[in-house]
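Please read it alongside the sequence and coordinates.

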Amino acid sequence: MAAPLSRYPLYCTRAGEYNLTTVAFFPYTAAAARPSIILNAGKLRGVVLILRQSDNGLFCEAGNFHVDPWEPVDRAVITHAHSDHARWGSKRYLVARDGERVLRQRLSADPDARFAPKIESVEYGQPVFLNGVRVSLHPAGHILGSAQVRIEHRGEVWVVSGDYKLQSDPTCAPFEPLRCHTFVTESTFGLPIYRWPSSENVLASVADWWRANREAGKASLLLTYSLGKAQRLLAGLANRMEGAAIYTHGAVEAPTEIYRQQGVPLANTVHVAAAPPDTVWSTALILAPPSCRGTPWTRRFEPFSSGFASGWMRIRGTRRRLSLDRGFVFSDHADWSGLNEAIEATGAESVWVTHGYRTPLVRWLREKGRDARAVETRFEGEAES
Amino acid sequence: MKDFAQLYTALDETTKTNAKVEALVRYFCHAAPEDAPWAVHFLIGRRPKRLVESRKLAGWAAEEAGIPDWLFGECYHAAGDLAETIALLLPPSAASSDLPLHRWVEERLLPLRHMDDAQRREALLRAWREMDDTQRFVWNKLITGEFRVGVSRLLVIRALAGFSGVKAEVLAHRLMGDWQPTLEFWRQALEADARDADVSRPYPFCLAYPLEGEVESLGDVREWLAEWKWDGIRAQLIRRSSQTFLWSRGEDLITDRFPELERAGGLLPEGTVLDGEILPWKDGAPLPFAQMQRRIGRKALGARILNEVPVVLIAYDVLELAGEDVRERPLQWRRARLEEVIAMAGSHLVLSPVVHGDSWEDLANARVESRGRDVEGLMLKRLDSPYRPGRRRGDWWKWKIEPYSVDAVLIYAQPGNGRRASLFTDYTFGVWDNGHLVPFAKAYSGLTDEEIRKVDAFVRGNTVERFGPVRVVKPELVFELAFEGIQESPRHKSGIAVRFPRMARWRTDKKPQDADTLDTIRGLTKK
């Protein structure tokens, strides 16, 4: 397969941008870490496949590691701790330092697990070499410790975005644009109807909603993803809801505690389970995971108004299907323009699209003259985005 | 438009009926009397006749948003609502309009009808640029109709009653029919004097509840009137001031669609209102409803179709006699008067036959025969009951025949509309035919939200192929489908068409190979 590409025209075109000296003299025929090559139909160039899709997700053959594998593997590089990205059971995990505790908590919280995962962590930007392949993790702006995985091998640079957002978020390091040859991007909200309002406006309307409920003698039950979104709300609401009592469901409380331990300033919270029986809920804001909707657990808060903070709330139908009073458009993912901006900034020649609205985003990118393809995902990420 | 958009948001932000009524009352208290009737007009689901073709509306919005049509289509499938999709896609707006609702409607919306497409496009782009996001959405809703904000006619009436002090029944009456949303109408609608002038106005229809428990629970059979439940078009035939009006339950004035009934109305005494069912009818028996659809579909009713598909009104109640509202009289009394009226009327008015039975068992036996008569079962009406507006429990029951049912396999899925957008809720089912699954029915209803979520997850995880929004899924899930009727249909791949298919149960206990065959279904028709 390697024979027709002995002169590596692909690499030469990029010589101005990357130091490719080593690449040009790379002994291509030397067996062990030979990259696989595919030819793009109709295009006179080859693409070095640093990653390929395996049964367990994205696999780097040269480095012998998976990125966010679906099943237990020997070595997993993890973008972040949400359950559709960090699966239980692998032998070794590599994660950004900021995300280590959250990942540890998540993996050992798995009820199946009598499992002490071996987790290694690394500072953002600090390279590690896995089987000779240079791997570094860079902020993705999604949640605390979320990372893009930058993989460099023989001059070829690939970046796996994981989940990311461009909007500001005081609870985690901001998204860092990285130049690369191939960008593997998420597309959870890969349609132009997804356009986020400013976080400030949304946080203000959450506070207004809570105030109106308090005046009407109703508790405010705000459903939110327990890791990341809940803490981003707590950080944003801290100075907007002076004197408010904020309560948390256990699933929210655990990561919140870790965020605090890592020095992220958050509004004070009380674990619902620790609240005395005579607690007055009608003035309170309660943060709980979406799975609590309609469960007996919520009855103690009656009467209450229910809200949900999620990017999906951009669509009325989604909110109404859940019979919620209020939807707050608040997402830890990039919206349509965010995705496009991020892709643009990578300068990538090739874009792999995963998680979400793959097909439309791929078609859109192709029509704009970019090489793009859809990549299979096992987990659609709607449960915990 | 500001107030109305705010009202919309308030209605949309709560699922609680009382909160919705309160929001409506608040709106009516502040609304200008020119705006309020328009608000009522739209909230009860009326809309101006197609002002703009949806396809064009979508095209212009896509252009303004700078996206190709296919991407607009993808967005529409995700949002499930055209008005909303457009509002979500238009470039962000810094504007907001102070123009009141009635001026938006009268000066900007209605004139669209008389414009050519280039002018329409201009007018729409201009309108969008003057509005904020919510206003745009509401404006688009005015054009496309289907408010879907959880407000029923009854709720609007409740709010109007609360706001004006006029009785809900009187308001219900005044809001029926062909009123124009004018200042004058608004004053009349809220007029305390309840004697109304409009000669054409029908009464609110009395609606029946399906009988769920045992029929014996209704008590003594002698207190009940049993009739066939016909599968036609529910209608009121009105004769007042030497004019005839025919109203459908959907509140369409349909007099001109049924000239034979208009003529028949001419033979009724002055001041008569009959309630009944329009049926295609020949030689003393109903024709299949498909024949009626053929007739409804025609723009012009030629002599041929009138001859091939004649209709009658099966009359089962009289609501007004000699200009007097007799709805408060007991059914027994009304039925006797009805018989007198029909005896004197032409052949296109047919008295709804009474199904006699000395016991519930007799009636149950009669009900079993229903299918052979092309009726849907029995109607049971309490003989001493008045004619009440709307759907109320107790006086009228529909006792329908058990539906047909078969086990079929889920083969295709497609996202739904409205509150079911972004979820796969529209399913196509297949049954076996020579070792292949042939698509045989589509169904959307019957599952719980919980089940829908599970099927949705299955679809996402088991897609074999995609055609636009349609997913071909692994044939694995089996459902019991219920439906009302079966007809031969060369237009369908399976060769049959079924009426009102819905999911009766998810048969998690069955495997695809346990599903029924096309032959079995064909066999059902011969029973």
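In this predicted model, strand β4 (residues 233-240) of chain B pairs with β6(B) in the antiparallel sense, over seven bridges. Within that pairing, B:Ala235 has B:Gly276 of β6(B) as its bridge partner. Strand β6 itself spans residues 272-282 of chain B, and 10 of its 11 residues are buried. The pairings of β6(B) are listed below.

| Partner of β6(B) | Residues in chain B | Sense | Bridges |
|---|---|---|---|
| β4 | 233-240 | antiparallel | seven |
| β8 | 311-321 | antiparallel | eight |
| β7 | 285-286 | antiparallel | two |

On the β8(B) side, B:Leu279 stands opposite B:Val312. On the β7(B) side, B:Trp281 stands opposite B:Pro286. The hairpin of β6(B) and β7(B) has two residues between its strands, and B:Asp283 there takes a positive phi near 50°. As background, side chains in a regular strand alternate between the two faces of the sheet.

Next comes a loop residue of chain B. B:Glu376 sits in the loop between α17 (360-368) and β11 (377-382). Is B:Glu376 buried or exposed? B:Glu376 counts as buried because its relative accessible area is 12%, and the cut-off for buried is under 20%. The residues that B:Glu376 touches, leaving aside those up to four places away in sequence, are B:Lys229, B:Trp230, B:Asp231, B:Lys400, B:Ile401 and B:Phe500. For one of these contacts, B:Trp230, the separation from B:Glu376 is 146 residues in sequence, while the C-alpha to C-alpha distance is 6.1 Å.

The largest nonpolar core holds 124 residues. Those with the most contacts inside it come from both chains: A:Ile193 and A:Ile286, together with B:Phe4, B:Phe28, B:Trp139 and B:Leu142. Not counting residues up to four places away in sequence, B:Phe28 touches B:Ala36, B:Val40, B:Val156, B:Ala159, B:Leu160, B:Phe163 and B:Trp186. Another core, of 39 residues, lies apart from the largest one and includes A:Tyr93, A:Leu103, A:Leu107 and A:Ile119.

Confidence is the remaining topic. The average pLDDT of chain A is 85, with 84% of the residues scoring at least 70. Over residues 1-46 of chain A the pLDDT is below 50, and this stretch has 59 contacts in the model beyond near neighbours in sequence. Residues 381-385 of chain A also have a pLDDT below 50, with 18 contacts beyond near neighbours in sequence. Where pLDDT is low, the predicted coordinates should not be read in detail.

Note on methods. Residues numbered from 1 in each chain as written. Chains lettered and ligands numbered in written order. Predicted model: local features only at pLDDT ≥ 70, side-chain atom pairs only at ≥ 80, totals over all residues. Heavy atoms only, no water. Core = buried A, V, L, I, M, F, W, Y, C linked by side-chain atoms within 4.5 Å. Buried < 20%, exposed > 50% of the residue type's maximum accessible area, 1.4 Å probe, protein only. Contact = heavy atoms within 4.5 Å. Helix = DSSP H or I, 4+ residues; strand = E, 2+ residues; numbered from the N terminus. Pairing = 2+ DSSP bridges. pLDDT = per-residue confidence, 0-100.
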